[in-house]
Amino acid sequence: MNKFKWFLLTGFYSGLLPKAPGTWGSLVGIIIAYFVILFFPNPNLTIMLLAVLFSIIGYKLVNEYEQNGGIHDDKRIVIDEIAGVLITVGVLGNLKDDTLIKLFLAFVSFRLFDIWKPSIIGRIDKKAKGGLGVMGDDILAGIFGGIFAGILYMIYLKITKG
């Protein structure tokens with residue numbers, strides 16, 4: 001595997017940090033989302049397009065990595081966390097309002113579903129092979145995380161703004 005592909009798979013090398021690589025990869029995704037929110041006029045669409053891009057690239061590169069003898073669901077590979085957390089952020093409403101709160105809720109919600117792996121998320125993680133197995137559970141965790149973050153944000157609004 002060439003260095004650039006490894007750079008992408010490991011989330012710009014964040015997956016090589018010694019502890020909690022999935023958390024670091026998720027944080028990279030949140031940082032990407034933050035800069036998109038700052039500099040793009042329609043951040044939700046841009047973030048969702050980036051999530052699709054990371055998902056496709058991740059699927060292809062994970063398949064290549066595993067076909068060449070790489071470990072299935074290698075913990076150093078965090079492109080799946082980047083795609084998943086971007087989905088979580090993209091599902092939320094207007095990202096220009098309460099940006100930091102929404103990013104925090106997205107990060108926490110995604111990590112919850114990514115670690116807990118309830119229902120179909122866990123089944124895909126255990127049964128699907130290759131890129132589908134590595135990317136699929138995080139894509140679903142991103143969707144469920146986004147719904148949960150949206151609920152948490154509505155509760156936040158009810159408490160803080162009446």
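Six salt bridges are counted in this predicted model, a salt bridge being a side-chain nitrogen of Lys or Arg within 4 Å of a carboxyl oxygen of Asp or Glu. Local features need pLDDT of at least 70 and side-chain atom pairs count only at pLDDT 80 or more, while totals for chains, interfaces and linings use all residues. Residues are numbered from 1 along each chain as its sequence is written, and side-chain values use heavy atoms, with hydrogens and water left out.

One of the salt bridges joins Glu64 to Lys5, with 3.0 Å between the closest N and O atoms. Glu64 belongs to helix H3 (residues 43-67) and Lys5 to helix H1, so this pair ties together parts that lie 59 residues apart in sequence. Helices here are DSSP runs (H or I, at least four residues), numbered from the N terminus.

A second pair to look at is Lys161 and Asp98, whose side chains meet in a salt bridge at 3.8 Å, N to O. Lys161 lies in helix H7, whereas Asp98 sits in the loop between helix H4 (79-91) and helix H5 (99-116), so the contact ties together parts 63 residues apart in sequence. Lys161 is exposed, because its relative accessible area is 54%. Asp98 has 24% relative accessibility and is partly exposed.

Lys117 and Asp114 form another salt bridge, in which the closest N and O atoms are 3.2 Å apart. This pair is part of a network: salt bridges that share partners join Arg111, Asp114, Lys117 and Asp137. Asp114 counts as buried, because its relative accessibility is 5%. Lys117, at 22%, counts as partly exposed.

The helix packing can be followed next. Two packed helices are described by the angle between their axes and the distance between the axes. The axes are lines fitted to C-alpha atoms, for helices over the stretch in contact, and the angles run from 0 to 180 degrees between N-to-C directions. Angles under 35 degrees count as roughly parallel, over 145 as roughly antiparallel, 65 to 115 as roughly perpendicular, and the rest as oblique.

H3 and H4 have axes that come within 8 Å and cross at roughly 155°. The two helices are therefore roughly antiparallel to each other. Their crossing is left-handed, a term used if the near helix is turned anticlockwise from the far one by less than a right angle, with right-handed used if the turn is clockwise. H4 also packs against H5, at an angle of about 130° and with the axes 9 Å apart. At that angle H4 is oblique to H5. The crossing of H4 and H5 is right-handed.

Gly133 is buried, because its relative accessible area is 2%. Its C-alpha atom is 7.8 Å from that of Asp73, a residue 60 positions away along the chain.

The surface carries a nonpolar patch of about 970 Å², made by Leu17, Trp24, Leu27, Ile31, Tyr34, Phe35, Leu38, Phe39, Phe40 and Leu100. Patches are made of residues with over 30% relative accessible area and no salt bridge; like charges are joined within 9 Å, and nonpolar side chains (Val, Leu, Ile, Met, Phe, Trp, Tyr) within 5 Å. The accessible areas come from the Shrake-Rupley method with a 1.4 Å probe, and for residues only the protein chains shown count as cover.

Helix H2 (residues 21-39) supplies the largest share of the patch, seven residues. Ile31 is in helix H2 and has 42% relative accessibility, so it counts as partly exposed. Leu17 lies in the loop between helix H1 (3-9) and H2. At 37% relative accessibility, Leu17 is partly exposed.

Technical notes:
Buried < 20%, exposed > 50% of the residue type's maximum accessible area, 1.4 Å probe, protein only.
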